[in-house]
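Open the model in your viewer and keep the selection panel at hand. Each stop below says what to select and what is there.

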Amino acid sequence: MQKLLGSNFLKKAIFLAATFGLVQLLIVTGVINPFIMDTLTTICINIILAVSLNLITGFTGQFSLGHAGFMSIGAYTCTIITLRVPTTLGFITGLLAGAILAALVGAVVGLPTLRLRGDYLAIATLGMAEIIRIIFLNLDITNGAAGLFNNNQYVNWFWLFLFTAGTVVLISNFIKSSHGRACISIREDEIAAEAVGINSTKYKVTAFVMGAFFAGIAGSMHSSYFYFIKPDLFGFLKSINILVIVVFGGLGSISGSIIAAILLALISTSLQSIPELQMVIYAAMLITIMLFRPQGLMGSKELSLSLFKKWSSLIHRKNGGEA
Amino acid sequence: MLEITDLNVHFGVIHAIKGISIKVNEGEIVTLIGANGAGKTTTLRTVSGLKKLSSGTITLNGMDITHSSAQDRVKMGISHVPEGRRIFSTMTVLENLELGAYLRRDKSEIAKDLSMVYERFPILADRKKQAAGTLSGGEQQMLAMGRALMSRPKLLCLDEPSMGLAPLLVQEIFDIIRDINEKGTTILLVEQNASMALQIANRAYVMETGSITLTGTGAELMQSDDIKKAYLGG
């Protein structure tokens with residue numbers, strides 16, 4: 001267990017508990033109103049999606065455009081189960097079932113397609129997500145294009161926080177483990193990784209299945225918080241949006257994904273008052289930022305205390321030099 | 001130690017390796033020389049399991065490894081230094097070396113091998129915290145060799161270690177290869193720099209368009225007129 005949670009366990013636990021407590025307090029006191037809560041939920045779901053896609057694309061180097069497909073599997077499974085068992089237990093069962101089903105589909109799709117590289121893999125995963133969408137569009141149990149309406153909202157801040165923090169902690173500890181090192185080495189150079197004895201297929205599939213699992217969780221939470229799902233929500237554009245967060249934050253940086261998910265959600269929320277220009281400004285901002293930081297906000301670095309120290313010493317040196 | 005018999009390799013419809021047989025005895029340095037596209041690298045990759053063969057057999061110490069995976073071959077003691085070094089460039093030097101010992105679980109022995117590698121390549125010890133991509137070409141070659149040594153190989157396969165290096169560095173790398181061999185590691189060396197390779201090799205095979213055209217001891221081939229003309233420049 002200690003190994004799973006990683007080092008600095010106490011510090012992290014205190015930080016997480018404090019974050020949870022603070023937001024919970026703000027919710028209880030009414031500072032966070034339902035509108036802010038919607039944004040907060042979007043941020044949490046996007047964090048799960050971005051961090052899990054970062055595992056596949058940023059750390060293992062497999063360019064996937066099918067994340068929305070896995071998300072939709074989670075969303076539909078969870079909704080179908082909660083509609084029949086409308087309790088919190090039903091929701092959790094649905095969420096886990098959705099995540100496991102997404103992971104299974106990830107394994108079935110990943111085994112043959114991960115032999116492909118780069119753009120070929122991107123096209124194959126894109127096709128997979130479209131197939132999943134078309135299936136949901138035509139099944140009776142998913143109610144086709146009209147979608148499903150789930151009139152119970154089980155996701156609250158507790159569940160949101162639990163699954164978001166859980167995803168981040170699990171994936172970042174996976175990255176730091178020897179398995180994660182193996183994944184990164186595949187991104188760096190697959191032939192060299194094979195040459196030192198790393199089974200590249202095994203790790204590519206592992207990363208892909210893990211990513212799919214967490215995307216399933218994100219989908220389940222989305223369906224339970226926002227009541228309504230339909231196949232169109234999980235189209236090509238959704239996968240691209242997730243990829244934008246990952247690239248924006250930095251391929252290979254978990255803290256980058258988190259920061260990007262928060263920033264982008266805040267930007268698009270604050271632009272909601274000017275709907276005509278919303279997408280134009282959003283896109284212009286993305287282009288500007290990518291021009292000046294093509295490696296993403298964080299590059300492949302993580303936000304940490306030592307990074308702050310480095311920055312402060314840099315600033316210090318600069319000021320000293322000028323004086 | 002290593003025996004390749006009647007090896008055939010295809011890339012799609014192209015017949016790249018046409019029925020070659022190579023033998024490497026324990027403790028030897030054997031080199032494969034030849035022009036571009038002769039099939040040297042492909043042969044080496046087939047030995048370390050990075051490329052699938054079409055027919056033929058490969059045995060290591062009498063054990064058939066023809067269909068073993070690359071991981072299993074690393075476990076059995078074959079280590080491959082790929083062409084163009086292929087280090088993990090955003091990782092540190094130390095992380096690169098640690099990955100070389102990826103399949104090993106004997107921590108204390110790994111630590112010993114790490115200090116052995118640092119002793120052999122002191123520059124790597126100086127730069128252990130540095131990103132590997134920032135090393136010079138020669139240092140990267142040393143890192144690639146060090147990484148391969150971290151799996152404690154019995155047979156070290158080197159693919160063009162002299163590629164893109166200054167003559168002085170080439171000499172240094174070849175001295176190191178000879179030294180590694182003297183400490184008990186058998187070496188299979190693929191080289192375009194024929195004169196350097198023949199100088200340190202016990203035996204050599206000359207490859208041309210997928211076949212072996214000539215074989216003999218390093219000294220014999222150095223004297224051969226054909227070799228002089230084709231590879232040694234007169």
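Two strands count as paired if DSSP finds at least two bridges between them. Helices (H or I, at least four residues) and strands (E, at least two) are DSSP runs, numbered from the N terminus. This is a predicted model, in which local features need pLDDT of at least 70 and side-chain atom pairs count only at pLDDT 80 or more, while totals for chains, interfaces and linings use all residues. Residues are numbered from 1 along each chain as its sequence is written, chains are lettered from A and ligands numbered from 1 in the order in which they are written, and side-chain values use heavy atoms, with hydrogens and water left out.

**Stop 1: strand 9 of chain B**

Select residues 203–208 of chain B. Five of the six residues of this strand are buried, so strand 9 of chain B is largely enclosed by the rest of the structure. Buried means under 20% relative accessible area, exposed means over 50%, and partly exposed lies in between (1.4 Å probe, protein chains only).

Six bridges join strand 9 of chain B to strand 10 of chain B, and the two run antiparallel. Find B:Ala204; opposite is B:Gly216 in strand 10 of chain B. The hairpin of these two strands has two residues between them, and B:Thr209 takes a positive phi near 35° there.

Strand 3 of chain B pairs with strand 9 of chain B in the parallel sense, over five bridges. B:Leu32 has B:Tyr205 of strand 9 of chain B as its bridge partner.

**Stop 2: a four-stranded sheet in chain B**

Stay in chain B. Here is an open sheet of four strands in the order 2-1-4-5, with antiparallel pairing. Its edge strands are strand 2 (14–24) and strand 5 (63–64) of chain B, each pairing on one side only. Zoom in on strand 4 (residues 55–60) of chain B: two bridges join it to strand 5 of chain B. B:Thr59 stands opposite B:Asp64 in strand 5 of chain B.

Select helix 1 (residues 40–47) of chain B. This helix packs on the sheet and touches strand 1 (2–11), strand 2 and strand 4 of chain B. Contact means heavy atoms within 4.5 Å. The direction of helix 1 of chain B makes about 115° with that of strand 1 of chain B. Axes here are lines fitted to C-alpha atoms, for helices over the stretch in contact, and angles run from 0 to 180 degrees between N-to-C directions.

How many of the eight residues of helix 1 of chain B are buried? Seven are, so to speak a mostly covered helix. Among them are B:Lys40, B:Leu44 and B:Val47. B:Gly49 follows the helix, with a positive phi near 85°.

**Stop 3: salt bridges**

The structure holds 16 salt bridges over all chains. A salt bridge is a side-chain nitrogen of Lys or Arg within 4 Å of a carboxyl oxygen of Asp or Glu.

Select A:Arg133 and A:Asp232. Their closest N and O atoms are 3.8 Å apart. A:Arg133 lies in helix 6 (residues 118–138) of chain A and A:Asp232 in the loop between strand 2 (228–229) and helix 11 (236–249) of chain A, so the pair ties together parts 99 residues apart in sequence. A:Arg133 is buried at 18% relative accessibility; A:Asp232 is exposed at 52%.

Move to B:Glu95 and A:Arg181. This salt bridge has its closest N and O atoms 3.6 Å apart. The pair crosses between chains, from helix 3 (residues 93–100) of chain B to helix 8 of chain A. B:Glu95 is partly exposed at 23%, and A:Arg181 is partly exposed at 22%.

Then select B:Arg104, B:Asp106, B:Glu109, B:Lys112, B:Asp113 and B:Arg152. These residues are linked in a network of salt bridges.

**Stop 4**

Select A:His179 in helix 8 (residues 178–188) of chain A. A:His179 is partly exposed, at 36%. Not counting residues up to four places away in sequence, A:His179 touches A:Phe174, A:Tyr203 and B:Tyr102.

Finish on A:Thr125, in helix 6 of chain A. A:Thr125 is buried, at 0% relative accessibility. Leaving aside neighbours within four places in sequence, its contacts include A:Phe63, A:Gly66 and A:Phe208.
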